[in-house]
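Work through the exercises below with the structure in view. Each task is followed by a solution in steps.

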Amino acid sequence: MSELKEGQKAPDFTARDQDGNTVSLSQFLGKKVVLYFYPKDDTPGCTAEACDFRDNYQGLTSKGIVVLGVSIDDEKSHQKFVTKHSLPFTLLADTDKQIVEAYGVWGEKNMYGKKYMGTNRTTFLIDETGSILHIIKKVDTKNSTAQVLELL
């Protein structure tokens, strides 16, 4: 799959959220969507990013923005993460890696010289028509909301 670019249609998907509900990107047409991909529930960087979105959630929703988080963790892991950190938004379980692959964020990573496959932290801003407005590849986990709002 070729790399996604700003201006392209965002790939539609259907996945289960932390409560087992089916969620599709297409159900949010007419709203702006922050679709953020993160490596793993309840790890330091991912928790900082989720809590930043949580702490600024009212400001985002007041602008008509929907927040969707995606990782390859399962629904049960997402449920614990949501409960532990009082997250008010939807987390999607991409256990079969279809969404991370469709968005080109699944790839080789390198930690302490060890190479492995994983999710590259990336945020996509999607407009009301389902097109990609912006792609943030250098995510500041403690200031994710500010990064998003600067671009809108």
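**Exercise 1.** State which elements the buried residues of H3 pack against, and find which residues of helix H3 (residues 75-85) are buried.

*Solution.* Step 1: in this predicted model, the buried residues of H3 pack against H1, E4 and strand E5 (90-93). Step 2: these buried residues are His 78, Phe 81, Val 82 and His 85. Step 3: the arc they cover around the axis is only 95 degrees, so they are on the same side of H3. Step 4: on the other side of H3, the exposed residues are Lys 76, Lys 80, Thr 83 and Lys 84. Buried here stands for under 20% relative accessible area, and exposed for over 50%.

**Exercise 2.** Describe what is found at the start of H3 and just after H3.

*Solution.* Step 1: at the start, Asp 74 has a side-chain oxygen within 3.3 Å of the backbone nitrogen of Lys 76. Step 2: just after the helix comes Ser 86, with a positive phi of about 50 degrees.

**Exercise 3.** Give the strand order of the open sheet and explain why one side of E2 and of E9 is left without a neighbour in the sheet.

*Solution.* Step 1: the seven strands are ordered E2-E1-E5-E4-E3-E8-E9, and their pairing is mixed. Step 2: strand E2 (22-24) and strand E9 (132-136) stand at the edges with a single partner strand each, so one side of each has no neighbour in the sheet. Step 3: from one strand to the next, the twist averages 30 degrees.

**Exercise 4.** In which sense do E3 and E4 pair, and which strands does helix H1 touch?

*Solution.* Step 1: strand E3 (residues 32-37) pairs with strand E4 (residues 65-71) in the parallel sense, over six bridges. Step 2: Leu 35 is opposite Leu 68 in E4. Step 3: helix H1 (residues 44-55) packs on the sheet and touches E3, E4 and strand E8 (122-126). Step 4: the direction of H1 makes about 160 degrees with that of E3.

**Exercise 5.** Locate helix H5 (residues 144-151) on the strands and find its buried residues.

*Solution.* Step 1: H5 lies across E3, E4, E8 and E9, and runs at about 140 degrees to E9. Step 2: its buried residues are Ser 144, Thr 145, Gln 147 and Val 148. Step 3: because they cover an arc of only 160 degrees around the axis, they are on the same side of H5. Step 4: the buried residues of H5 pack against E3, H1, helix H2 (57-62), E8 and E9.

Definitions and conventions: Residues numbered from 1 in each chain as written. Predicted model: local features only at pLDDT ≥ 70, side-chain atom pairs only at ≥ 80, totals over all residues. Heavy atoms only, no water. Pairing = 2+ DSSP bridges. Helix = DSSP H or I, 4+ residues; strand = E, 2+ residues; numbered from the N terminus. Axes fitted to C-alpha atoms, helices over the stretch in contact; angles between N-to-C directions. Contact = heavy atoms within 4.5 Å. Buried < 20%, exposed > 50% of the residue type's maximum accessible area, 1.4 Å probe, protein only. Arc of directions from axis to C-beta. Polar contact = N/O pair within 3.5 Å; in protein donor to acceptor, adjacent residues only side chain to side chain.
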